[in-house]
Structures are given as structure tokens and as C-alpha cells.
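This report looks at one helix and the nonpolar core of a predicted model. Please keep the sequence and the structure in view while reading.

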Amino acid sequence: QLIRASRTMASSPNDHSADLLLDSANQDVAASLANLMGSSVHIDARELDEASTLILSEAQKLNSLNATNPGNYQQHVEEIEGIVKALSAAVLQVGGMARNKNVKGLGAAAKITAATLPALVVAANNAAGSTDNDNMQEAIITSTRALAQQIVSLFDFAKARVANSKDPVYDLNLTQGMKLVTEATTKLQRSLGSAANKDCEMAVDKIMAAQSSL
């Protein structure tokens, strides 16, 4: 799928749907790697698994047709911005707890992260349902779904890092997981267009700054 998506993107570099297809293929590869590593971990990670299940369940509800309060696009953008700030802070905690091999703290951070997803999904659906631009609708829904998937992948990388703290490879994978969340957050921000302000950018910058310390 990744090869097909890459070929499509190469032949149609200005095709928005091809760009989304390539993003989706890249995310599938990263998610498969993270899941493989996370499933081989022999630690008590029930809270992370429960958090992952909640996130994936909420992501399935992403659809502009599920908008419950369409109409005020700017309002919903501001809601997303506030949620992204809280989400970014929680993601930083996930990375920090994994680095410190704190399984209990990691589980708590994962639960806090997952708790932001229901509100994010509602706000994203409402934002998408508040614009008549089909490309923008698709971008908002797709980028929000991608962010959810990258967070789940980060949980898997975090579990693997805790269980294999002496192997630098797992540290690099955790850093990569944080980077992928950052990129997904940036794409969500961009999908909102000019209505988004600097608050989301600051939240992303904090994640990027934290990556260098992992």
C-alpha cells in the first residue's frame, strides 16, 4: 500500500487525495511497527491498552455527518486549540514517564491523554460540519484520525521503552513516536486553516523541544 501510494503521489504531486493516501500508508506502517513492539512487552500495561482502545473507539466516530453543533467554525477551531494544548501536555507526560521507567505514571498519563479524545472528536466533527469546503472537511477528519492513531502508536513505543530501557534502539523509537505525534498535531493545525492561532503552534513546539531530551 505504501509503494502504491508513493507512486500515486509521484505521478500526481498536486493531488490532495494522493497526499492523504500517502499519509495514511505511512501511518499504517508506523502503527504496525509500534504494535509489533508493544505486543512483545511483558509488563503490566492494562491502563495503556485500555487508553488505546478508548482512543481507537473514539476515532471511529470521526465524520462531518456526526456534527452535533455545526455553524460556528471559529468557535469549534478554538475548542480544538484548547484540547490540543491539554493533549500536548499529556503526551509530554507519556514520554517522560516512559523515559523514567515509571509504569504506573505512564498508565496515568495515557488515561489522561485518552480522556481528551472524546472532546476532540466532537470538536473536529463540528468544525468539519461547519464548512462547505469538501477538501477542508476531509483534511480535518483525516488529520484528527491520524493524530489518534499516532498517539496509540506512541503508547506502544512507550511500553517497549519501559521494558527495554537498556537498549538505545527503544529510546530512539520513543523519540520517533513523539515526532510522529508532533507531525500529526501540526497537520491537524494546518487543516484548520487561517482560523487557527499561535496556541496550537506553541503546544507543538513544546513537544518538539521535549523530543530532544528523550
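## Helix H5: length and cap

H5 has 13 residues, and at 1.5 Å a residue these should span 18 Å; because the end C-alpha atoms of H5 are 18 Å apart, the model agrees with that expectation. At the N-terminal end, H5 is capped by Asn102, which places a side-chain oxygen 3.4 Å from the backbone nitrogen of Lys104.

## Buried residues of H5

The buried residues of H5 are Gly105, Leu106, Gly107, Ala109, Ala110, Thr113 and Ala114, and what covers them includes H3, H4, H6 and H7.

## Lys111

Leaving out residues up to four places away in sequence, Lys111 touches Glu47 and Ala51. Lys111 and Leu54 are separated by 57 residues in sequence, while their C-alpha atoms are 9.2 Å apart in space.

## The largest nonpolar core

The largest nonpolar core holds 42 residues, of which Ile55, Ile80, Leu117, Leu120, Leu147, Ile151 and Phe155 touch the most other members. At least two residues of this core come from each of H3 (46-59), H4 (73-99), H5 (103-115), H6 (117-128), H7 (134-163) and H8 (168-191), and the largest share, ten residues, is supplied by H7.

For Leu147, when neighbours within four places in sequence are left aside, the contacts are Leu87, Leu120, Val181, Ala184, Thr185 and Leu188.

Key:
Residues are numbered from 1 along each chain as its sequence is written. This is a predicted model: local features need pLDDT of at least 70, side-chain atom pairs count only at pLDDT 80 or more; totals for chains, interfaces and linings use all residues. Side-chain values use heavy atoms; hydrogens and water are left out. A nonpolar core is a set of buried Ala, Val, Leu, Ile, Met, Phe, Trp, Tyr and Cys residues joined through side-chain atoms within 4.5 Å. Buried means under 20% relative accessible area, exposed over 50%, partly exposed in between (1.4 Å probe, protein chains only). Helices (H or I, at least four residues) and strands (E, at least two) are DSSP runs, numbered from the N terminus. Contact means heavy atoms within 4.5 Å. The expected span of a helix is 1.5 Å times one less than its number of residues. A polar contact is a pair of N or O atoms within 3.5 Å; within protein, one must be able to donate a hydrogen and the other to accept it, and residues adjacent in sequence count only if both atoms are side-chain atoms.
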